[in-house]
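Look at the chain below and follow its strands and helices. This report takes them part by part.

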Amino acid sequence: MTRAELLAFLRIHRLAVVSTVHGGAPQAAVVGIAVSDNLEIIFDTLTTSRKYQNLRADPHAALVIGWDAEQTAQVEGVADFPSGAELAACKQVYFAAWPDGPTRETWPNIGYVRIRPNWARLSDFGAMPARIEEMTLP
């Protein structure tokens, strides 16, 4: 799997399950995502949500993206909460994928999360033989 293949796969999917940890217990939620040219995964959420609060306390996250046609990407990375020019750049990527994003931007307590992947596994169980490839990302 190349970086370009991973980017293309991530970009054709708009939803992800993001997993976080709270008090040693896993928690998961579906989020709408956008993916930057640098493989940054961006989503918006309420700052009062469990996922946002969990990532503030422990920024390590895991995501599963694309579960149709027996193809998935598992991604692990570290979340942050961009501000200033970085936030503006993230919003530009997010709003391109989610044109209704600017409407949610006006909501009270809306926040933006960026996850920078450090590991990924692309699996295609519909292929014969099955294709399972991993990569470590800088």
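## Strand β4 and its partners

In this predicted model, β4 and β7 run antiparallel and are joined by six bridges. Ile 42 stands opposite Arg 114 in β7.

β4 also pairs with β3 in the antiparallel sense, over two bridges. Here Val 35 stands opposite Ile 41 in β4. β3 and β4 form a hairpin, with five residues between them. Leu 39 sits in the turn and has a positive phi of about 70 degrees. How many of the six residues of β4 are buried? Five are, so β4 is largely enclosed by the rest of the structure.

Strand β1 covers residues 15-22, and strand β2 covers residues 25-32. The two run antiparallel, and eight bridges join them. Ala 16 stands opposite Val 31 in β2.

Two residues lie between the strands of this hairpin. Gly 23 takes a positive phi there, near 60 degrees.

## Helix α1

Helix α1 spans residues 3-11. Its buried residues are Leu 6, Leu 7, Phe 9 and Leu 10. Seen down the axis of α1, these residues fall within an arc of 165 degrees, so they line one face of the helix.

What covers that buried set? The cover includes β3, β5, β6, β7 and β8.

## Helix α2

Helix α2 spans residues 50-57. Which of its residues are buried? They are Lys 51, Tyr 52, Asn 54 and Leu 55. Their arc around the axis is only 165 degrees, which puts them on the same side of α2.

The face turned away from this buried side carries the exposed residues Arg 50 and Ala 57. The cover over the buried residues of α2 includes β1, β2, β4, β5, β6 and β7.

## Rings and charges

Now to the aromatic side chains. The count comes to four aromatic pairs. One of them joins Tyr 94 and Tyr 112. Their ring centres are 6.4 Å apart and their planes stand at 75 degrees, so the pair is edge-to-face. Tyr 94 lies in helix α3 and Tyr 112 in strand β7, so the pair ties together parts that are 18 residues apart in sequence. Are these two tyrosines buried or exposed? Both Tyr 94 and Tyr 112 are buried. Together with Phe 95, they form one aromatic cluster.

Charged side chains also meet rings. The charged end of Arg 14 sits over the ring of Trp 98, 3.6 Å from its centre. Arg 56 lies over the face of Phe 81, at 4.0 Å from the ring centre.

## Backbone exceptions

Most residues other than glycine have a negative phi, and most peptide bonds are trans. Some places in this chain depart from that pattern.

Where does Ala 69 lie? Its place is in the loop between β5 and β6. Ala 69 is not a glycine, yet its phi is positive, at about 55 degrees. With 57% relative accessibility, Ala 69 counts as exposed. Glu 70 lies in the loop between β5 and β6 too. Glu 70 is not a glycine either, and its phi is positive at about 60 degrees.

The peptide bond from Met 128 to Pro 129 is cis. Its omega is near -5 degrees. Pro 129 lies in the loop between β7 and β8.

## The whole chain

The secondary structure comes to four helices and eight strands. From the N terminus on, the elements run α-β-β-β-β-α-β-β-α-α-β-β. The radius of gyration is 15 Å, close to the 14 Å that the globule rule gives for 138 residues, so the chain is as compact as a globular protein of that length. The C-alpha trace spans about 50 × 35 × 25 Å along its principal axes.

Buried residues make up 46% of the 138 residues. Take the contacts with a separation of 6 or more: residues 24 or more positions apart account for 62% of them.

Conventions:
Residues numbered from 1 in each chain as written. Predicted model: local features only at pLDDT ≥ 70, side-chain atom pairs only at ≥ 80, totals over all residues. Heavy atoms only, no water. Phe/Tyr/Trp six-rings, centres within 6.5 Å; stacked < 30°, edge-to-face > 60°. Buried < 20%, exposed > 50% of the residue type's maximum accessible area, 1.4 Å probe, protein only. Lys NZ or Arg CZ within 6 Å of the ring centre and 35° of its normal. Pairing = 2+ DSSP bridges. Arc of directions from axis to C-beta. Contact = heavy atoms within 4.5 Å. Rg over C-alpha atoms; globule rule 2.2 N^0.38 Å.
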